Amino acid sequence: MSLDQLEERFWRCVRSKAVPDSLDTWLMGEPSLNAARRLGIYHHAYYARQIGVLGEVFLRVRAVIGPVEFANVAREYLNFYPSRTPVIERIGGRFPAFLSQTSHGNRKGLTDLARLERARLDALLSPDSARSLSLDELATTPPARTRLLPHPAARLLRLSRRALALWHGAMDTAETGNTYVLVSRPVCEVLQREFDQENGRALERSYAGEPLAEIFGEFSGVDAIEKASRALTNFLRVGAWAGLEVDPC
Amino acid sequence: MAPSPFDSMDFGYGLRAPHYRELWERGTRAPFVEALAENFIGRGGLPRRVLERIRRDARIALHGVSLSLGGMDLINWDHVRALSDLAHELEVPWISDHFCFGTVGGHYAHDLWPLPYTEEAVAHVATRARAVQDVLGRPLILENVSSYVEWRASTMPEWEFVAEVARRAGVGLLLDVNNVVVSAKNHGFSAEHYVASLPPDLVRQMHLAGHSDHGTHAIDDHASPVPEVVWTLFRQALARFGNVPTILERDDAIPTLAELEAEAERARAIAAEVYRVPRSA
């Protein structure tokens with residue numbers, strides 16, 4: 001058998017519960033530790049390591065559904081989506097969407113909770129911003145031609161309030177409706193801030209590349225300018241943006 | 001002649017997340033720290049700041065687990081280039097990975113699977129290792145893995161395989177002393193013979209770690225202090241390979257930084273005994 005065939009066969013066997021009859025013809029073993037038990041060490045390590053990583057990333061999802069059920073779902077996920085990334089922490093990229101397709105998808109807030117936990121990991125694994133943005137800098141740019149650049153670690157999510165309640169450990173919450181949550185990492189610590197509809201939409205529009213003037217336009221009422229200015233200050237404080245671009249004309 | 005990056009007697013430990021905070025605050029007392037490359041590629045925040053802090057006091061080497069040089073998939077050149085960029089930014093003297101495969105069909109196993117020790121595998125790994133080293137632009141060294149299976153297809157012992165690949169590829173060896181002990185137990189060969197069979201000029205770095213003994217086999221779990229059997233083989237390795245930089249690895253039941261530093265200091269003390277050199281760095 002060629003190297004290619006041997007490796008492909010090993011991969012299939014490690015990921016399978018069944019031990020092929022022909023195992024002894026290509027792997028060595030002794031009565032005290034036969035080939036099947038030896039292969040089993042790799043089988044166990046493959047799943048235990050990756051389920052462990054998923055459990056660390058989706059810690060609160062794991063707490064909600066319980067460790068045994070989480071391990072079952074995670075194993076199913078790994079069978080469906082074997083890793084395509086060299087960085088093991090990133091293996092859960094499709095886990096929230098996968099979770100929504102399982103029986104747990106009906107559990108209100110759970111998929112959003114997984115999205116939130118995934119966003120927190122993304123914030124941790126992202127690069128730093130190459131530059132910082134200050135209010136002074138913002139004040140000197142023409143709003144109609146200024147676009148704000150998202151911080152590489154920032155993720156704006158629209159989540160069910162129930163997911164946030166689950167995040168805070170309230171298992172029997174009666175919370176309903178949706179809210180905006182910004183997950184960011186200005187420097188080292190991951191921050192998580194909830195915003196009301198007005199602020200959330202403004203931030204959403206900035207992330208969509210709309211000019212600053214349009215974002216200001218999201219705020220209404222007699223105190224619109226004051227609210228917009230407060231929002232900008234808040235967004236800057238939590239590291240929502242990494243810089244700005246001014247259109248030439 | 002320019003000094004080789006390997007010509008020093010450095011002892012240290014593998015950088016792990018539970019120690020980030022403390023290291024950021026007080027720096028390292030060990031002169032040599034090894035960082036798991038995949039934990040830092042493209043990543044900012046505390047991990048990156050910790051590396052910058054450590055660089056003030058110590059040398060850093062990058063240790064990878066994902067190159068899959070024995071795999072049949074195309075090399076992930078994006079990953080290699082990212083690794084090269086990180087190495088350049090940190091000015092690391094060398095980069096290490098493993099004699100193994102860990103990818104099949106575009107999928108990552110996140111494990112270090114042993115290869116069949118055949119001429120085909122020698123040629124395959126050597127070609128890829130040389131190509132990767134060229135792109136990295138700095139020395140690549142490869143580590144022997146611990147293993148639980150042996151392929152019937154193998155035509156040579158592991159020590160011959162790793163030495164032959166290293167020679168053909170022009171790369172160095174990272175001798176994991178614990179992995180030799182674990183594989184020797186699992187496959188019934190002599191760990192001493194393994195060490196004695198490696199060409200002295202190829203070994204550039206060593207790893208020390210602990211394992212668990214399950215009677216019929218041993219598991220390389222990095223969850224306990226270095227056992228006496230590994231220290232004993234380390235003495236033999238030092239005598240054969242010289243004062244190569246040595247890293248202590250712990251991945252489970254991770255002790256305090258002070259305990260880890262003390263264990264690395266023991267490695268230095270043993271080298272001092274073997275070589276009768278001063279104990280201070």
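Visitor: How many salt bridges are there between chain A and chain B?
Guide: The count is three. Do keep in mind that this is a predicted model, where local features need pLDDT of at least 70, side-chain atom pairs count only at pLDDT 80 or more, and totals for chains, interfaces and linings use all residues. Residues are numbered from 1 along each chain as its sequence is written, chains are lettered from A and ligands numbered from 1 in the order written, and side-chain values use heavy atoms, without hydrogens and water.

Visitor: Why is A:Glu189 with B:Arg21 called a salt bridge?
Guide: The closest N and O atoms of A:Glu189 and B:Arg21 are 2.3 Å apart. A salt bridge needs a side-chain nitrogen of Lys or Arg within 4 Å of a carboxyl oxygen of Asp or Glu, so this pair qualifies.

Visitor: What makes up the contact between the chains?
Guide: Chain A brings 44 residues and chain B 46, contact being heavy atoms within 4.5 Å. Together the chains bury about 3900 Å², 60% of it on carbon and sulfur atoms; that is the accessible area (1.4 Å probe) lost on being put together, summed over both. On chain A, the residues losing the most area to chain B are A:Leu3, A:Tyr42 and A:Pro86, together 18% of what that side buries.

Visitor: How do you know that strands S3 and S4 of chain B pair?
Guide: S3 (residues 59-63) and S4 of chain B are joined by two bridges, in the parallel sense. Pairing takes at least two DSSP bridges, so they pass. B:His63 stands opposite B:Ser96 in S4(B).

Notes
Buried area is the accessible area (1.4 Å probe) that two parts lose on being put together, summed over both. Helices (H or I, at least four residues) and strands (E, at least two) are DSSP runs, numbered from the N terminus.
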